[in-house]
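Here is a friendly walk through a two-part model, from a few single residues out to the whole chains. Keep the viewer open as you read.

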Amino acid sequence: MTAETRSTVRLLLGWTPVDIAVADSNQTVLQYLRDQPQLKGSKEGCAEGDCGACTVVVGALKDGAIRYSAVNACILFLPAMDGKQILSVEQVADTELHPVQQALVELHGSQCGYCTPGIVNSLLCLNLNGGAADRQAIDDALIGNLCRCTGYGPIIEAAEKACSTELSAAWKTRIAAAQKQLLSWAADDQALALETRNGPYLAPKTPDQLAAALDAHPAATLVAGATDVGLWVTKLGRSLNPLISVAEVADLQSMRLTDSHLEIGAAVTYSEAHQALSEISESLGELVRRIGSRQVRNSGTIGGNIANGSPIGDMPPALIAMGASLVLRSRAGRREIPLQDFFIEYGKQDLRPGEFVGRVLVPRKLDTFRCYKVSKRFDQDITAVLGAFNIAIENGAVVSARIAYGGMAGVPARAVGCEAALTGKPWNMKTIETAKVALDADFKPMTDMRASAAYRTLAARNLLERFYLETQNPAVALELASRNHMKGLVDG
Amino acid sequence: MAELTRQKERIRGGVAQALAHDSASKHVTGQAVYVDDIPEPQGTLHIAVGSAAVAQGRITNLNLDAVRAAPGVVCVLTADDIPGLNDVSPTHSGDDPVLAGERVNFFGQPVFAVAAETFMQAKAAARLGVVDCAADTPVLTIDQALAKNYLISQDHEMVRGDAAAGLKAARNRLSGQMEMGGQDHFYLEGQVSMAVPMEDGDVLIHCSTQHPSEVQHNIAHVLDRPANAVTVEVRRMGGAFGGKESQAAQWAALAALVAVRTGRAAKCRLDRDDDMSLTGKRHELAGKWTVGYDDDGRITAADVEMATRCGNSKDLSDAISDRAMFHLDNAYYLDQVRILCKRLRTDTVSNTAFRGFGGPQGMMIGERMIESVARAVGKDPLDVRKLNFYGDEGRNTTPYHMQVEDFVLGDMIAELETTSDYRARRKAITAFNESSPVIKRGLALTPVKFGISFTTTFLNQAGALIHIYKDGSILLNHGGTEMGQGLFLKVAQVVAEEFQTDVDRIKITATNTAKVPNTSATAASSGTDMNGMAAMIAARTIKRRLIAFACNQYKVEESDVEFIPNQVRIGNQVVDFDDLIGQAYLNRVQLSATGFYRTPKIHYDRTTASGRPFYYFAYGAAVAEVAIDTLTGENRVLAVDILHDVGQSLNPAIDIGQIEGGFIQGMGWLTTEELWWDDSGRLRTHAPSTYKIPTCGDRPAHMKVKLWEKGRNAEATIHRSKAVGEPPLMLAMSVFHAISDALSSLDGYRTVPDLDAPATPERILMAAQKLKAKSR
């Protein structure tokens, strides 16, 4: 670490700069808000980033301008807010209610009121980012805010009414001032290095600093968006010490397009990468839209999703089928490996001491590609089975097949037998039936609370059939809710 | 004297006005205070609980040395530290210990509690306890309990006529069965209590509960103190849904124990995992039936056996199981009927009240029975439903011998059938399904008839307290609790209407056992019916005194005194309300009154299973259209139309909110909300990451809710309104049956699919597989 470090966290709480001597590096933003400034509006509903009652809006610099995103305060470590702005529900109204708040009141969008502060913040953020075009955009903003009372109708109506309201002059002035403050802090270019009662928290700014920090603290936990690591503290009661954040490493925050690849830095969030991934494949974009919630995607990174070695991890099976690779870095240098080789077995990845995930290299040119996520609940649910298919069909026959599944084994993995049963065969239902049988031999899935082994096996087979049907002409209806079906009924 | 011209104005916030929730502005600004938000007295301790890692067994060793030595720990409690009764059973059954002493009866059952300076310290310390058990093989499922005849209570039976003879004589017979899962309440605010020690060893508890009086009495028993030493206050809850009726007492008791023992305030807040693992849920229920019917599909006899999974203690399971039986019939006349319900014990957390209180489960069995008859006779299930509706003399007696006097579903369903375009959509769906091999659509219209009153008759009582201060401002208090349902506002509207003052003049105050005693739970949808009446009675008492005073003071007759908006007309004069109050005070008129209400007409004899347990019925109906994917079982609810009877609404906005919210909650129960225990008896769906309630995206693209315009309660309820808390949840049966309908298309609508609830993608796919195999 260079001498240019800082030992206190400075941030804008609302519109006021505060300097915080952090006592516990594992303290969450929610704990801080409720315990220190005693801002009790933000609620703990689950402490795992799933219910959204703690949603706050965070302002952070991106390309020199302040950008707002809604995040779950309950699993976010306070030091990660260094140099940023936190807007909690207490800062939304001035002398009058914000239009979003006003609409929620008028349209009966709160009943018990416990989820409401989080909903206000999600809708505020939608407003700050230019509003919502349609119901899908509203759903996307609200999927991560569970409400048990209203059934969501009046909340959706409030969003329709208020989220596209022009920002008031007062808001614009305040935001400009906030941006100025964040820019002046950023100009220091100091890396955060905290000493707290449970150990250091380091937020290096360059890959070399990161490699050095990791070298100095080989037992450190690396954290990016904390959408997984945060739960080790709030759910498992672990004390993470030392804690090294990769989120502030500028090089890891960037995406690059080459002729062949989209290169995604390990600190790039799902939200930031969403558009670029959608441009590679619409199906992939739809998958990203269904990963966690807006809040989770605003914090969570693809790099983190890979590094944590989840057996499901929605993105890895899709990336494996696409043929993505991984750049791993350390003080010793860098190496590139196919993503599929990174996952060795459950809980074990090909990651050497001192090494960290640097970039994910995603091929831009695919064959016929689709990925299908099946979960108990359509949105914001952890996958039961995910199938990703990247198959080249020429003259009615399969030239090559890359197929990967999540939720079928201890790691996301290729369906080798199934691929073999397809390759070189005519692209017809008979081949699919054979390949389904081969698929059975590829995986021995487990039974758990998300699905039984029998269901996983059957659904995995059927996803291959769905992929086949999608390539057929005339098309078979495969969408549950075509956008026009209910049009005649939607008035009133 | 004010001008007479003001007389024609309407008050703000009388009955029937669609006012926003009284706390709405506080909700959206984060200023609404919940128990965990109350400023903590200095030195407040935080409590966590610890347990053994078995579902059933005798405790052989308890070593808490490490817990006591952990940082920040101030106090550790076990069963031995309880001065009074170690029981918080709502039915005084002696089987709901605050801390388990001898045996552990479900996985995670608290054996000790630790109080520390911070919440995280308490949680960390609780993990250090050593609790060894001689574990027994736990009984976890309905099947296991049935096999062992492992019961929590006696079987109960309702009989009218002779079901066996009726079945024998029936032209056709069929049998069927179904199981449905439980449901976690998933109120956004978990269980929480903060106890503040007072003088004389008394204690004040801020508690998130629907039943402050029961919490008060249970804590008094635990502390071995009279009830007057314990005060329980509830300003608002962050949702409850039945889950904070009996389930709040244990945590409140722990907070009280620590507060009394240490002399420091103590807070017991369950985090989400503890809340879901350690508190009760909706009862799982299995039912099987044999039904006799004629060739048209009219049911002539029914024999039904149900079993509820009650968990490890009695709690409210008897009343819940009874309500399942009371609602088996739903809207249908069952001639020659026998209904039996077994109450199974399992070594799992004790199940409890949840919106509908067993009614939804019983109703589902009844609806499934109807559906199976409809498929057997080859008719649209709607037609068979109509055919079996309650009717006139001879077809209007329930299985518990109550007359259904105001059956309005015939009218309502005719209206909904038309407005939802049911028949045309039915045709379109049939056509779609013929041409769509993978995606199938389904449609169902289901009714709800729900009995209103506590079936335990003595609970149907309520009290209220009204003060008018000498400046004319009004303070309102009653025994009902606010959990988001808008009760406080509705009751305030009733009082505003009585005094003809703007509702803003009425201060809504926290429920407090020191103000109104011996209250019943805010439950059974009864909150507004009972507390609204009690408040009206209190208001009328004060009004009578004011009228008598005015007559005396102004020398007029009673008929010359009229409460008009924010004023009182006395003869030819108009006096501001404030002025009259000021004058009344100076003339020593009592401006405070209590009101007490007991629901009339109801009685029930459980030994003969007959009587009139319900004051009246609430009705509703819903049409749902769904699509299912027969490759994966994934599904979407596409459209919902609801027509619901709330009588004459006290607040249409609040009522519609209850209907929409209840429907979506019911939809969750029947589709995505699945409770899953592993073989050791440990609940593995104990947080929103694994337990999936509906999200915003699950709300159908088309959802239309209408209050039935002709609705008027035939009974003299508060302004002829009807209860609305629970009944709408059951409207979601339409979603389940629409899924079932979509599946039925796979074999030409000949059979009812073998589909249990919740209809997860997995269950739908497996049911589809069976039907496909059958029709091959």
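## A tour of the model

Ser453(B) counts as buried, with a relative accessibility of 3% (buried means under 20% relative accessible area, exposed over 50%, and partly exposed in between, using a 1.4 Å probe and protein chains only). This is a predicted model, in which local features need pLDDT of at least 70 and side-chain atom pairs count only at pLDDT 80 or more, while totals for chains, interfaces and linings use all residues. Residues are numbered from 1 along each chain as its sequence is written, chains are lettered from A and ligands numbered from 1 in the order in which they are written, and side-chain values use heavy atoms, with hydrogens and water left out.

Most residues other than glycine have a negative phi, and most peptide bonds are trans. Ser453(B) is not a glycine, yet its phi is positive, at about 145 degrees. You will find Ser453(B) in the loop between β16 (439-452) and β17 (461-468) of chain B. Helices (H or I, at least four residues) and strands (E, at least two) are DSSP runs, numbered from the N terminus.

His401(B) also has a positive phi, near 65 degrees, and is a residue other than glycine. His401(B) sits in the loop between α11 (381-388) and α12 (409-419) of chain B. With a relative accessible area of 34%, His401(B) is partly exposed.

| Cis peptide bond | Omega | Where the proline lies |
|---|---|---|
| Asn473(A) and Pro474(A) | about 0 degrees | Pro474(A): segment after α17 (453-470) of chain A |
| Ala757(B) and Pro758(B) | about 0 degrees | Pro758(B): loop between α18 (733-744) and α19 (761-775) of chain B |

**Two buried strand residues in chain B**

Trp289(B) belongs to strand β13 (residues 284-293) of chain B, and at 4% relative accessibility Trp289(B) counts as buried. What does Trp289(B) touch, not counting residues up to four places away in sequence? Its contacts (heavy atoms within 4.5 Å) include Leu174(B), Met178(B), Val304(B), Ile365(B), Arg368(B) and Met369(B). Ser734(B) is 445 residues away from Trp289(B) along the chain, and their C-alpha atoms are separated by 21 Å.

Thr78(B) is in strand β3 (residues 73-78) of chain B and is also buried, at 12% relative accessibility. Leaving aside neighbours within four places in sequence, Thr78(B) is in contact with Leu62(B), Leu64(B), Leu99(B), Val111(B) and Phe112(B).

**An enclosed helix in chain A**

Why is helix α5 (residues 153-162) of chain A described as largely enclosed by the rest of the structure? Seven of its ten residues are buried. Among them are Ile155(A), Ile156(A), Ala158(A) and Ala159(A). The buried residues of α5(A) pack against α2 (99-106), α3 (116-128) and α4 (135-142) of chain A, together with α17 (652-670) of chain B.

**Where the chains meet**

The contact takes 84 residues from chain A and 88 residues from chain B. About 7,000 Å² is buried between chain A and chain B, and carbon and sulfur atoms give 60% of that area. Buried area here is the accessible area (1.4 Å probe) that two parts lose on being put together, summed over both. Arg148(A), Lys376(A) and Leu480(A) supply 14% of the area that chain A buries against chain B, more than any other three residues.

Chain A has 17 helices and 21 strands. Its radius of gyration is 23 Å, which agrees with the value near 23 Å for a compact globule of 492 residues. That radius is taken over C-alpha atoms, and the globule rule is 2.2 Å times the number of residues to the power 0.38. Buried residues make up 61% of the 492 residues in chain A.

Chain B contains 19 helices and 29 strands. The radius of gyration of chain B is 27 Å, close to the 28 Å from the globule rule for 776 residues, so chain B is as compact as a globular protein of that length. In chain B, 68% of the 776 residues are buried. Its C-alpha trace spans about 85 × 75 × 50 Å along its principal axes.
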